[in-house]
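Here is a short walk through one protein model. Keep the sequence and the 3D view side by side as you read.

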Amino acid sequence: MNHYFLAIIGGGPAGYTAAEKASKAGKDVVVFEQTSLGGTCLNVGCIPTKTLLYSAKQYFNAVNATKYGVTAENVTFDYAKIAQRKTKVVRKLVAGIKAKLNNEHCTVVNGAASVVSRTDEKVIIACGEEQYEAENLLICTGSNNFVPPIPGIKDNEAVWDSTSALAATALPASMIIVGGGVIGMEFATLYHEFGVPVTVVEAMPTILPNLDQEVVAVLREKYQKSGINILTSTKVMSLDGNKVTVQSAEGEAVVLEAERVLVSVGRRANVQGLEALTDLAYNRGAIIVDDFMKTNLNNVYAAGDVTGKIMLAHVASRQAEVAVGCMLQEMPVQRIAYNAIPSVVYTNPEIASVGMSEKDAVAHYMETENKSQEEATECFEVRRMPMTFSGRFVAENEGEMGLCKMIIDRQHQTVLGVSMIGNPCSEFVAAASFAVRMGYTLPEFRQVVFPHPTVSEILKEIL
């Protein structure tokens, strides 16, 4: 039986980041991956979705190029070729990860791994007919699509999840999307820009409920004007093939029909293969970890979606770095700044945010300073500015206004959060992340020089 410093179950962003960091430090590592390196993000999530969205944007821009003085006649697309390119991009990036992990200290094992036993000195893991021994275990088993308990949803040929939607080589004639969260709205963008009639059904009073609602309102208004049917405060009651019975907030039942129904109501931690860890602590199905990604078991760590904290690939990668840093006893031992995690919704226009929204700020001051809701609103300042205050935004976004919104602590004059809508805010939200992470005061942030002309200058203008 081979002995390793670290065994990693799962080769997604958390798993391969941890393997690279530990092996570069000269530690022997074994990584178990059931399907393909890269995990959900690379194979059936972030990368294939963005590849398809980019093709959709190219087509959409060509069709609408006249507002920029460009005429393109008889613009068409071949979705089979678009899907083929998506597969090529994924394969290229998977090969890149394999190359990163191809070193003398890293062993990659393809197969479903399961924990056999654990003591404070070692963990035994089985994969196929072999067993492996390691001093430390890092659980990076990710998450799975959640299937809600709706009558008629299981074993329904008309129903897709995000994985099956990405595998399709042809577009549906029409689409109902159950769930108006990030995944749902990105797929709504994809299908709409390719000309597919789309209806989004969301049980909450708004789409993208976890984001700043003033920013979300800009997107919703644009999408409804462009023809996307968005039904909020609407519950899916049952499915009968491709017919979906929904109930509005007023209690009215309506039957919707489309060729396909895409269900995207969230993901749940995947904890298969961990049954032998009988004392491992969970909270609502996710593994509990401390600031250094340690579980309640001495030599067991977890990172990524399986922790249930923030299910984003870049969070998983950072958690993995912290976990391995703790194992290696790097000094100083670092914590993750969850208050400064940027997030992006790749709609058109994009939404990007970091730190607190206005709603978050109210809750923060009510909780930490025991303020009433009215008193809490006096603890921070909200600044708003159309993205059109950026010259480059005006040049490249004809007919768009956009919005940049900043939350500022009144007493300390520090940046608590930024929310934006407008292309390409995903590419410079990291600048706002620095400000939130480092606790920049407004005078300090004003000293940052932004290149001109760029859309990023909106962060300077709003100060």
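At what angle do helix H1 and helix H8 pack, and how far apart are their axes? The model is a predicted one. In it, H1 (residues 13-24) and H8 pack at an angle of about 35 degrees, and their axes are 8 Å apart. The crossing is right-handed. Now find the residues that meet. H1 brings Pro13, Ala14, Thr17, Ala18, Lys21 and Ala22. H8 brings Ala313, Ala316, Ser317, Ala320, Glu321, Val324 and Gly325. By class, this contact of H1 with H8 has eight nonpolar, three polar and two charged residues.

Stay with H8 for a moment. It spans 313-327, and a loop lies between it and strand S20 (343-345). Pro332 sits in that loop. The peptide bond that leads from Met331 to Pro332 is cis, with omega near -5 degrees. A cis bond also joins Asn348 and Pro349, where omega is about 15 degrees. Pro349 has its place in the loop between S20 and strand S21 (351-355).

Next, turn to helix H3.

H3 and H6 (residues 182-193) pack at an angle of about 35 degrees, with axes 9 Å apart. Their crossing is left-handed. On the H3 side, the contact is made by Thr49, Lys50, Leu52, Leu53, Ala56, Lys57, Tyr59 and Phe60. On the H6 side, Glu186, Thr189, Leu190 and Glu193 take part. The residues of this contact of H3 with H6 divide into six nonpolar, two polar and four charged.

The other partner is H4. The axes of H3 (residues 46-63) and H4 (residues 79-100) come within 9 Å and cross at roughly 140 degrees. The two helices are therefore oblique to each other. H3 passes H4 in a right-handed crossing. From H3, the contact uses Ile47, Pro48, Thr51, Leu52 and Ser55. From H4 come Tyr79, Ile82, Ala83, Arg85, Lys86, Val89, Val90 and Leu93. By class, the contact of H3 with H4 has nine nonpolar, two polar and two charged residues.

Between H3 and H4 there is a loop, and Asn74 lies in it. Look at the backbone there. Asn74 has a positive phi of about 55 degrees, although it is not a glycine.

How much space lies in the second largest pocket? The volume is about 490 Å³. This pocket is lined by 21 residues. Closest to its centre are Asn61, Asn348, Glu396, Asn397 and Asn423. Asn348 is also one end of the cis bond to Pro349. H3 and helix H11 (391-396) are the elements that give two or more residues to the lining. By class, the lining of the second largest pocket has six nonpolar, six polar and nine charged residues.

Definitions and conventions:
Residues are numbered from 1 along each chain as its sequence is written. This is a predicted model: local features need pLDDT of at least 70, side-chain atom pairs count only at pLDDT 80 or more; totals for chains, interfaces and linings use all residues. Side-chain values use heavy atoms; hydrogens and water are left out. Axes are lines fitted to C-alpha atoms, for helices over the stretch in contact, and angles run from 0 to 180 degrees between N-to-C directions. Helices (H or I, at least four residues) and strands (E, at least two) are DSSP runs, numbered from the N terminus. Angles under 35 degrees count as roughly parallel, over 145 as roughly antiparallel, 65 to 115 as roughly perpendicular and the rest as oblique. A crossing is left-handed if the near helix is turned anticlockwise from the far one by less than a right angle, and right-handed if clockwise. Contact means heavy atoms within 4.5 Å. Ala, Val, Leu, Ile, Met, Phe, Trp, Tyr, Cys and Pro count as nonpolar, Asp, Glu, Lys and Arg as charged, and the others, Gly among them, as polar. On a 1 Å grid over the protein atoms alone, a cavity is a set of points where a 1.4 Å probe fits but cannot get out, and a pocket is an open set with protein on both sides within 12 Å along at least five of seven lines; lining residues have an atom within 4 Å of a point. Grid points are joined across faces, edges and corners, and a volume is the space filled by probe spheres set on the points.
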